[in-house]
Amino acid sequence: MVTIIKNQLLKHLSRFTKNLSPEQISLSALRGSGELQDLTLDEDLLTDLLELPGWLRLTSASCNKATFRIQWTKLKTVPIVLKLDEVRIALEVCAEPRVMNPGAAGAMPAAGKYSYIHKVIDGISVVVNQVQIDFACDAFSSNVQISRVTVESRTPEGRRGDLRLTRIKNPDTGQLLIFKELEWQSARIEAKPHGAAENLPPLRLLLGNTHCRIVIKKRLADCAVIGSRLAIRPEPVAWALTDGQLRAMLACAAALAEPVKRATAAATRAKAARKVEEPLEQIHSRSSSSERDILARMFAKHDVRETSYHLLAPRVDLHLCDDPGLGRSEHPSLSNGGALQVTLVSMQADLFPYHRASNDRRHWRGYREAATPHTQWLSQALSSFCGSLLDLLDPRPLTPSNKPSQVEKKTEEPVSNGFSHKPAPTQTSASTAPSANTTSHASPTRTRILQQLGKLMTTCLVLRIDDFTVYKVSTKSREAPRPLVCAEKSTMPGDAGLLHAELTHFYYPGDVNFPVPAPKLYVQLSPVRVHVDVPSAVWLGAFLPHVARAAGAAATAAAGPTAAGTAYYDVRAEAIMPRIVLEAGPEHIPQQRDRPKELHICTARAMLTNVRESPRTNTAGTRADLASILAALRRLAPPRGQFPCSEGDLDPIHEQFVLHAENLDDIDRGTAISPELLWRENRSIWCARVEPLWADLCGARATNYKPAPLLDACPLTAWLCFNEDFSRIWAVARTTGLAGLQLNHYQMLFLLRQLERVSEMTAWLAHDAARQPDANAGSIVVGVVVPAVELTLVLPSTCPGQESSRDLDSVPLDSSSLQDMKMGSEATMAPSTLVGDSGIISSTQPVEICSAQPLPAEEMPPPSPGLSFGGFSSMRRGLTSLVTSIDSAWTRDDARSDAASTASSDSERYVVVGLACESPLDADQAFREFEHGRMSTTGVEVAAEVLERSSSPSDHSVTSSCRRRDVISTCTWRLHDIHVVHQSAAGASRLRLAADDLRTDECAAIPWDEFQNRLKNKFSMRARAWTEPAVDECDLKPRDTPKVAARMTRTELPRVPDENGVTSGLAPFEELLEARVRELSIALNMSTALALAEFIEDEVLVPPMPLEVLIENVKLHLIEDRPTRSISSPPPQPLDIALTTLRLTRDERGILRLGPPEHSPSPSTPHQPELEEARGKIDSLSRENEELRKRLMTLARIAEDNRDLRAKAEEMSVLRQCVHTAQQEVSSLLADKQELLDAVRVLQEQLGVRGKR
């Protein structure tokens, strides 16, 4: 009998093995045990039977020892156990998708109805001591070692038990659910790149105990697998990657990207063609099942509606380390290297490869469709795609019909997620219907299009992270790292996630060539706090570009140069309530009660997208909005050739902006039917919107640590475009409201120190960028338009006994709270005296004034790069270099997933009892445990100072907790029509500014609390209600010479080597600040003027920066409001100063010179007004010529396209004539042929007649 069993085993196993002999089989039939040794499997057959991905091929597979145990009397409840000692597998990557062997299906027995033997096979448990997988590829080789692998059946709750409880059968639908669990004790993955990346270090990853829950859905009629769900849950993972290892990983991933993409796309379409009809049948049959049947309810509870794959990682700790070389910064604190830690908590990645676009997502685990704004964006995009496709392929209107029909029900077909396309209402209306009995029906073409759209399917990847923390870079000399980026837990609901991202691809089942929507990427980021840390930013600035450059080179080498730049995605990223925090350094003085500790830059929502909003919305993000920004930039730009413009200035208005605003940059996809037919809109122009933006200063003791506003809330819109390699960037931006700023002396000192740090950071970023191979090719140009700015300076009052109760119409601040200037011992402002009489200052000879000399070199503190308050250098560099991009996600409502698994057996009563006793409310144990772990995870505790934060721009008031009677004064400066352009290229940067209408307002004395209350109630509303005056198109003339203009130039100098010939550190640079002030009339109180001089006094000495200021026709009216020193003194008189022409310069030694302009125009020069008018007309004509040139270029392109179209039309006309001539010749030949046939027939008849004779 043993021999017979051996022969049967040999007969079946020989199909899958090579050279299997009876001597390799040891069998004990009565005990139900056996052993097989030295098995060599048939790799070609197993490659197809295992349905490996098309990009993989099995080259060898062997097992040294296999044993099995069968309990003959308990086959119904106890599984067969198969134990394998050591399994060796070799795989290789296929350059082209593998073709399945048609003879492989014959090796398996014919599938029949699900029977007892299938239950036994499905219940087999497999235990493997060790698995070794060798992975071969042209670009790398990999080795995977997995120890103690088990595969066994489990109950829906994940427990071991009776086999009958590991299945659920639904007799109503004829389907079966099988529950399995795969587990391994440890896994070791190692990869070594080859070729160009051979010098990179090997990549290693260790994984601990990992569980994999599997749910398989079968059809009872033919045992076919119609769906599955796989959930992998590893233990917490810690992974350390160096710069080289990260580049090696990217090189390996790039080598696999193209083969995987080609093979997966074909396999997905083929499998979707088999699955597309099954969900409809399941839903229909499920609706008819009885609600009283426990089995049917439990089956529906655990049903696999569609195939899905899930990764549930409770915690991932990633440590990034830099290697010596270009990836390591030369910053002194980072010269020995640094490490960055990223911690991800409760990360969940879900893949749904066969989701129908018209179906909802309510059955997705932990996914709330109604709470995700992405679904609305996706529905709108699909609706727009459907309408565009119908208009393109079937532009004919619906034809009327007098026959009553059910057209409305037939033609209404869902084509998107929650969207139903109704063509009849969009094409006709009640007013245009011929009669009450007349209905409309769609054309056959439109009906076929809608039917095809109903088959549209998607592959969707969803990534959700409950919490993540990026820590500051740690070095040998630095303390334990603190968070660099972390979640704002205080502003998030308890069950909300931090990051939600979705990537959706569209396709049709089978090999169908029909237009599909473009792939869509959506990212939502819940409230996060980003700390500005100089070492971390500099470390990332050197590390990330080095890695990105290596990744780009690897991707280009793997995909080829033709594949570069072909990616087309619709991207939309949102960040909800992000916060950028700049902290005070060691210079913070606790005794200064008004000095803040932190600067918070906040916004309610920040969005970045390359998809245009609908023109009907009339909001930011449309092409019309871009056109209005470009028009404002042109209107407010200074005349060319005049200050602050100079030769070599770059224009922020790139040609791509102009073409995009006029809708002339669409991509030509041709007219042939293809999946990319409607991917016509240009996706290289990006729009960033911040709605709104505000800034708070926090941590001052004078306000009880409450936030005090620095910048009042105002919206900001920016547009960006790049070249192919992102080395050149153009940006245009505009604020659409009144920008209100408020500042006191100690806040100014805090901001100056922050700007010094930002200047240092940008200097080191530029220095590290210059070390890269393509450093000289990059440039950035930014143009900003601000309609109006109001800067209010809070000063100490010179009239402390006068508590003003007058109306605050002269105090134009537009915020809700201000900081005060502490008077007394903390106020170090000494009174000043004014020397001079009223009159006009007119100088003809230069006057030298020696300013305070700086400290000796050995006594001076080391200045930060670019630090120079004289001339506002540090302020300039800080404001122009602080460029941040925070990419975003909406708060995800991750309700606990109701998942549990149940079973079915031959004994329905036994199954019902088992389900009632064991099944919890949740549906799947893996998801339930993961959700429980997410709720209980506390993450990493980091000690931080507790500060009460504001959550909205309206919550700024500090008066409720800080009742103060300090008397203050305010001075408000207004500027209108501000035009700012910053450019940086080839080691040089320029900043130019132009503005008009400099005005001032003052409030001499007002109590602090009264000022706060009245200002909050009145002026904040006035600022928010302020709107930019409308400008007609006919008034878009070039700007006159601005009244206030400034230009800052910074040029790097060659670095000087040291004694050893080595150059290190930052390169020296030279700076020059130039300003022009003209045609202004300013009135100030004398006390305010003196207070302003003390207000701008810095607390540190810095090297002076060269500057040049030219003043023309400026009038000062100084009102003497100080009390007289003597009772007998006459009443104070105002001082009027008129500056006709004055030139003020300062050199690098700090020496000030006052004198006339170098090329001052002579007052006696005749026809001066005519010359000025002529110059203005010349500038106007120059600007008009520039605009006409751009339009002519556009018209030239259009004319060229028209010529091509005309040539094609003429060619078509010639072809039509040729076809017509050919048709005529064919007709003539056919007529001749017919005549010949008739003649032949006549001759044949004559011959027949003669033959009969």
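This is a predicted model: local features need pLDDT of at least 70, side-chain atom pairs count only at pLDDT 80 or more; totals for chains, interfaces and linings use all residues.
Let's start with the big picture. The protein has 1253 residues, and 46% of them count as buried.

Now for strand E28, which covers residues 685-698. Of its 14 residues, 10 are buried, so E28 is largely enclosed by the rest of the structure. Strand E27, made up of residues 598-609, runs antiparallel to E28 and is joined to it by 11 bridges. In this pairing, Leu 599 sits opposite Leu 697 of E28. Strand E29 (residues 708-722) is also antiparallel to E28, and here 10 bridges make the link. Across that pairing, Cys 687 faces Trp 719 in E29.

What about cysteines elsewhere? Cys 386 is buried, at a relative accessible area of 1%, and Cys 460 is buried as well, at 0%. As for disulfides, the structure holds zero.

Finally, there's the surface. Leu 664 lies in the loop that runs between helix H13 (655-661) and strand E28. With a relative accessibility of 38%, Leu 664 counts as partly exposed, because that label covers values between the 20% limit for buried and the 50% limit for exposed. Leu 664 also belongs to a nonpolar surface patch, along with Leu 1192, Leu 1195 and Ile 1198. Together, these four residues have about 350 Å² of accessible area.

How values were computed
Residues are numbered from 1 along each chain as its sequence is written. Side-chain values use heavy atoms; hydrogens and water are left out. Buried means under 20% relative accessible area, exposed over 50%, partly exposed in between (1.4 Å probe, protein chains only). Patches are made of residues with over 30% relative accessible area and no salt bridge: like charges are joined within 9 Å, nonpolar side chains (Val, Leu, Ile, Met, Phe, Trp, Tyr) within 5 Å. Accessible areas come from the Shrake-Rupley method with a 1.4 Å probe; for residues, only the protein chains shown count as cover. A salt bridge is a side-chain nitrogen of Lys or Arg within 4 Å of a carboxyl oxygen of Asp or Glu. Helices (H or I, at least four residues) and strands (E, at least two) are DSSP runs, numbered from the N terminus. A disulfide is a pair of cysteine sulfur atoms within 2.5 Å. Two strands pair if DSSP finds at least two bridges between them.
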